[in-house]
Amino acid sequence: MTIRVTINCSLKAGIADQLKTFLQQKVPLVRAFNGCENCSIYFDQSAEEMLIEEQWGSVEMHQQYIQHIEGNGVLQQLASFFSAPPQIKYFTKDVV
């Protein structure tokens, strides 16, 4: 069953160019991680907000990825662009 993960991130002012460079380097690694089916990034520049939308094979696979990036320092690098902790939500597709 595919799980959709949304991560809403409030961004610090004036970091857009640095963040985009960081994401260009890191998003391909997310997509290549075991269980990741897709990863897309959206920006609302007027609100300094970013939405990370991912599809994973399971919640456990996403959590394994989070543990991986906690261990290698990437999560801390990403968090340095945020003005507040991100909001992470998990969704499953319904039959409707």
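Modeller: Let's take helix H2. Its buried residues pack against strand E1 (3-10), helix H1 (16-32), strand E3, helix H3 (74-79) and strand E4 (87-92). Keep in mind that this is a predicted model.

Start with the length. H2 covers residues 59-72, which makes 14 residues. At 1.5 Å a residue, the helix should span 20 Å. The C-alpha atoms at its ends are 20 Å apart, so the two values agree.

Now look around the helix. Which residues of H2 are buried? They are His-62, Tyr-65 and Ile-69. These three cover an arc of only 55° around the axis, which means that they sit on the same side of H2. Turn to the other side of H2, and you find Glu-60, Gln-67 and Gly-71 exposed.

Ring pairs join Tyr-65, Trp-56 and Phe-33 into a cluster. The model has four aromatic pairs in total. Take Phe-33 and Trp-56. Their ring centres are 6.2 Å apart and their planes stand at 65°. An angle over 60 degrees counts as edge-to-face, so that is the name for this pair. Phe-33 is in the loop between H1 and E2, while Trp-56 is in strand E3. How buried are they? Trp-56 has a relative accessible area of 0%, so this residue is buried. Phe-33 has 21% and is partly exposed.

Trp-56 has brought us to E3, one of the elements that the buried residues of H2 pack against. Strand E3 (residues 49-56) pairs with strand E2 (residues 36-44). The pairing is antiparallel and runs over eight bridges. Within it, Phe-43 stands opposite Met-50 of E3. The hairpin of E2 and E3 has four residues between the strands. There Glu-48 takes a positive phi, near 50°.

Ser-40 lies in strand E2. Leaving aside residues up to four places away in sequence, Ser-40 touches Leu-51, Ile-52 and Glu-53. Its relative accessibility is 18%, so Ser-40 counts as buried.

Glu-53 has another partner. Arg-4 forms a salt bridge with Glu-53, and their closest N and O atoms are 3.4 Å apart. Arg-4 lies in strand E1 and Glu-53 in strand E3, so the pair ties together parts that are 49 residues apart in sequence. The model has one salt bridge by count. Why can such a pair form? Side chains of opposite charge can pair when their charged atoms come close. Both ends are partly exposed: Arg-4 has a relative accessibility of 34%, and Glu-53 has 21%.

Stay on E1 for one last stop. Thr-6 lies in this strand. Is Thr-6 buried or exposed? At 13% relative accessibility, Thr-6 counts as buried. Again leaving aside residues up to four places away in sequence, Thr-6 touches Leu-51, Ile-52, Gln-87, Ile-88, Lys-89 and Phe-91. Leu-51 and Ile-52 are also among the residues that Ser-40 touches.

Terms used: Residues are numbered from 1 along each chain as its sequence is written. This is a predicted model: local features need pLDDT of at least 70, side-chain atom pairs count only at pLDDT 80 or more; totals for chains, interfaces and linings use all residues. Side-chain values use heavy atoms; hydrogens and water are left out. Two strands pair if DSSP finds at least two bridges between them. Helices (H or I, at least four residues) and strands (E, at least two) are DSSP runs, numbered from the N terminus. The expected span of a helix is 1.5 Å times one less than its number of residues. Buried means under 20% relative accessible area, exposed over 50%, partly exposed in between (1.4 Å probe, protein chains only). The arc is that of the directions from the helix axis to the C-beta atoms. Contact means heavy atoms within 4.5 Å. A salt bridge is a side-chain nitrogen of Lys or Arg within 4 Å of a carboxyl oxygen of Asp or Glu. Rings of Phe, Tyr and Trp (its six-membered ring) pair if their centres lie within 6.5 Å; planes under 30 degrees apart count as stacked, over 60 as edge-to-face and the rest as tilted.
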